[in-house]
Amino acid sequence: MAVQDALASADAPFTLLLAHEHTLFRAAVRAGLERDFEQVLVGEAASGGQAIAEAHRHRPAVAIIDSDLPPDGGVRVCTAIKDLNISTQVLIMCRGGNQRLLLHALEAGADGYVRHEGGLSEIVDGCRALQRGEAFVPSRLLAPLLKALIVRRRQEDAVAQRVARLSRREKEVFELLVAGLDPQRIAATLVISPATARTHLQNVLRKLEVHSRLEATALALTHDLVPTLSVKRIY
Amino acid sequence: MDGGAYHSKRNGPDNPLTPHVLVLDRSRVFAEGAVILLAAAGMTARAADPETGVDSSQADPFTVIVADELCAPRSTGGLLDRLLALHPTTPLVLVVETPGQAADEAVAKTGATAWVSRHSEPDALIGTIRGLHGRRELLRPTTPAPAGSHISADRSVQLTNREQNILTLLSKGLSNEAIGRSLEISASTVRTHVRNVLVKLNVRSRTEAVAMSLHSDGFKGSGGTVERAVS
């Protein structure tokens with residue numbers, strides 16, 4: 001039984017989905033993949049919608065998604081394919097080693113990242129790594145990526161510590177601020193005087209080490225703090 | 001970039017029937033894949049990095065160059081200018097994002113020979129390359145030398161890209177002034193180029209020159225507007 005399974009998987013062609021806007025590009029990459037893989041079936045898509053439909057229909061082992069895929073970019077498509085809950089793994093293909101894009105892709109659930117500069121060999125290496133169950137990040141991007149992740153982690157710890165300084169009331173005021181209420185309405189909502197509301201706001205700004213209500217709001221949105229404040233949101 | 005790994009020797013660059021193509025593109029993935037596509041179509045091809053590959057291209061007898069329109073904009077006097085300086089008579093195909101008039105203008109402005117759209121099928125690129133390669137061959141003089149005279153063996157008629165452009169516009173029936181406006185050069189410069197074309201093609205009039213270019217197998221239509229060519 002085990003031997004039969006092994007033989008079956010060895011014979012089964014490797015199914016790939018290639019998503020890129022340009023016909024000529026897809027044809028060129030297809031030629032390269034068909035040359036480098038023993039047996040490969042390459043499906044194509046020219047847009048995000050097509051890519052998701054193709055993935056859903058054919059369940060390719062790997063989907064190679066260009067980061068500039070119209071209409072909304074490849075990272076969105078990656079999220080959508082992951083949301084389908086199929087076994088398809090996703091490689092995002094980008095120009096250059098853009099840190100932010102790499103992080104963005106990984107957060108969207110991408111299983112790997114390949115670059116135009118890496119040539120066909122990087123795509124082949126990426127596909128083979130995914131076949132083995134590994135993630136794939138081009139080695140020269142790995143060190144900067146790890147550093148960026150550590151820096152990000154430290155920033156979040158720092159922000160979390162500052163939020164922890166807020167009293168319960170101050171958290172309530174903060175959340176209403178982020179929801180877009182002005183001091184008058186915050187006071188009315190919490191049934192406190194406007195002067196008290198303003199005092200709370202000043203304390204929030206001070207403890208969070210920001211200089212304005214706008215900065216405080218930006219901080220909350222950037223670091224996704226709202227769920228941690230656990231106060232019912234009133235609009 | 002090691003272009004050698006993808007250099008197909010099936011027909012060999014010495015075979016005059018085989019286009020020998022240089023591919024330059026910002027995407028190394030595309031360039032390498034294109035080389036394989038062209039090899040499968042019976043050509044030999046090499047990919048080169050737009051930044052460094054221009055200089056190393058000198059030694060290789062490419063018959064057609066395929067270049068990414070956006071490799072280096074003309075205004076920075078970059079890649080395309082250097083390519084054309086090193087290979088003035090080698091046909092250059094621009095790979096463009098937007099087909100149609102914008103592409104025509106890009107070809108005219110940069111001094112390239114033809115364009116192919118990224119949205120087209122590979123056949124368009126392959127056909128265009130074959131057509132350009134074939135046309136180069138056809139412009140060599142094939143009539144035997146008259147008795148008592150001698151044509152040296154290495155005299156071959158090669159039009160520069162600029163001269164090709166002008167021949168193309170001539171075959172559309174444009175006057176010298178209209179050509180000048182289209183290419184943003186003076187009418188007298190156009191006249192000089194036309195004169196050189198007539199000398200090189202060994203014909204006595206513009207009409208003859210146009211007839212000669214239209215008789216070549218490679219093209220339906222003119223170099224500047226070819227998206228598809230009969231192969």
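Guide: The answer starts at the interface and then turns to salt bridges within the chains.

This is a predicted model, in which local features need pLDDT of at least 70 and side-chain atom pairs count only at pLDDT 80 or more, while totals for chains, interfaces and linings use all residues. Residues are numbered from 1 along each chain as its sequence is written, chains are lettered from A and ligands numbered from 1 in the order written, and side-chain values use heavy atoms, without hydrogens and water.

Take the contacts first. In chain A, 20 residues touch 21 residues of chain B (contact means heavy atoms within 4.5 Å). The two chains bury about 1,700 Å² between them, with 67% of that on carbon and sulfur atoms. Buried area is the accessible area (1.4 Å probe) that two parts lose on being put together, summed over both. Between chain A and chain B there are zero salt bridges (a salt bridge is a side-chain nitrogen of Lys or Arg within 4 Å of a carboxyl oxygen of Asp or Glu). Eight residue pairs, both at pLDDT 80 or more, are in polar contact across the two chains. A polar contact is a pair of N or O atoms within 3.5 Å; within protein, one must be able to donate a hydrogen and the other to accept it, and residues adjacent in sequence count only if both atoms are side-chain atoms.

Now the elements. On the side of chain A that touches chain B, α2 (23–36) and α6 (119–131) of chain A each give two or more residues. Helices (H or I, at least four residues) and strands (E, at least two) are DSSP runs, numbered from the N terminus. α2(A) gives the most, with nine residues. By class, this side of chain A has eight nonpolar, seven polar and five charged residues. Ala, Val, Leu, Ile, Met, Phe, Trp, Tyr, Cys and Pro count as nonpolar, Asp, Glu, Lys and Arg as charged, and the others, Gly among them, as polar.

A:Arg26, A:Arg30, A:Glu34 and A:Glu44 are linked in a network of them. In chain B, the side chains of B:Arg118 and B:Asp68 pair at 3.0 Å, N to O. That pair links distant parts of the chain, 50 residues apart: B:Arg118 lies in the loop between β5 (114–117) and α5 (122–138) of chain B, and B:Asp68 in strand β3 (residues 64–68) of chain B. B:Arg118 and B:Asp68 are both buried (buried means under 20% relative accessible area, exposed over 50%, partly exposed in between; 1.4 Å probe, protein chains only).
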